[in-house]
Every structure is written in structure tokens, then in C-alpha cells.
Amino acid sequence: MIYADTDFFIALVKDDDWLQDRAVEIALENEGEIYTSRATLLELLVISDRFEFDRMEALTYALEIASVPEDESVLFQAADYMEQSGLTAFDAYHVAYADEDPIVSSDKSIGEVAADRIAIEETEVE
């Protein structure tokens with residue numbers, strides 16, 4: 001299983017995202033193995049106006065690609081990551097939610113805390 005953060009879904013839904021080809025490749029290669037969190041879906045809503053994509057389409061697409069299991073203890077782990085590493089609330093939540101699974105993201109700061117980061121901007125795992 002791999003965890004997909006918001007960057008991954010932005011790359012898939014934005015019309016002109018420079019990471020789109022790689023994100024599509026990762027989605028196809030990992031079909032049925034991708035999961036995300038409610039925080040990711042919420043973050044998509046928060047940024048939908050700024051990035052100018054259809055929020056309903058983005059949510060629908062994300063839920064077709066990824067499952068969304070939930071565990072409330074993730075919030076406490078995220079708070080700890082924020083304290084330890086200075087990650088933003090959303091990034092810390094993504095890392096905590098992924099636990100030990102790789103995270104597909106273009107955010108290099110996540111790679112400093114996560115077990116593994118699958119870089120959207122590269123073809124190899126960091």
C-alpha cells in the first residue's frame with residue numbers, strides 16, 4: 001500500500017500540472033494499492049479555488065483512485081511530528097496517517113520524516 005498526499009491529487013486534476021504525467025503513471029502502476037485520508041480530501045477543498053480546479057470532480061476522482069481508512073490516533077502523532085520536525089499541520093497529518101507506508105508526494109520535507117517518499121517529480125523512491 002502507498003499513501004497519496006494532496007500533491008498527488010492536484011497533479012492529477014489540474015489541467016496544466018507539470019507533475020501530471022508522472023502522477024498518472026504512479027496511479028496506474030499502483031491501482032488498488034493507494035489510500036489517502038479525509039485530511040487530504042479536505043485540503044483539496046481548501047485549495048481548489050487557488051489552483052482553479054473543479055472540487056466535485058477532484059473529490060470524485062480521488063475517491064475512485066484511493067480508499068480512505070480512518071484512525072483518530074493519527075492526530076496525536078501528527079501533533080508530535082509538528083513539534084519534532086516543523087512540518088505544517090497537513091504535512092504532519094499525511095506522514096502520521098501513512099505510518100510506515102511510502103508516501104507519494106512532491107513535498108521534499110515529507111521525505112525527511114516519512115519512511116519513504118515516492119517522488120512525483122522523479123522516477124525513483126527516495
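These notebook entries record what I looked up in one predicted model.

**Entry 1. Ground rules.** I number residues from 1 along each chain as its sequence is written, and I work with heavy atoms for side-chain values, leaving out hydrogens and water. As the model is predicted, local features need pLDDT of at least 70 and side-chain atom pairs count only at pLDDT 80 or more, while totals for chains, interfaces and linings use all residues.

**Entry 2. The sheet.** I looked up the strands, which like the helices are DSSP runs numbered from the N terminus (strands: E, at least two residues; helices: H or I, at least four). Two strands pair if DSSP finds at least two bridges between them. I found an open sheet of 4 strands in the order 2-1-3-4, with parallel pairing. Strand 2 (34-35) and strand 4 (117-119) each have a single partner strand, so one side of each is left without a neighbour in the sheet. Strand 1 (residues 2-4) and strand 3 (residues 103-105) run parallel and are joined by 2 bridges. I noted that Tyr3 has Ile103 in strand 3 as its bridge partner.

**Entry 3. Aromatic pairs.** I then turned to the rings of Phe, Tyr and Trp (its six-membered ring), which pair if their centres lie within 6.5 Å; planes under 30 degrees apart count as stacked, over 60 as edge-to-face and the rest as tilted. The count comes to 5 aromatic pairs. Tyr93 and Tyr97 form a tilted pair, with 5.7 Å centre to centre and 35° between the planes. These two tyrosines are 4 residues apart in helix 6 (residues 89-98), which means that about one helical turn separates them. I also recorded one aromatic cluster formed by Tyr3, Tyr35, Tyr93 and Tyr97.

**Entry 4. Burial.** Phe8 counts as buried at 0%, and Phe9 counts as buried at 1%. Tyr93 is buried at 10% relative accessibility, and Tyr97 is buried with a relative accessible area of 8%.

Note on methods:
Buried < 20%, exposed > 50% of the residue type's maximum accessible area, 1.4 Å probe, protein only.
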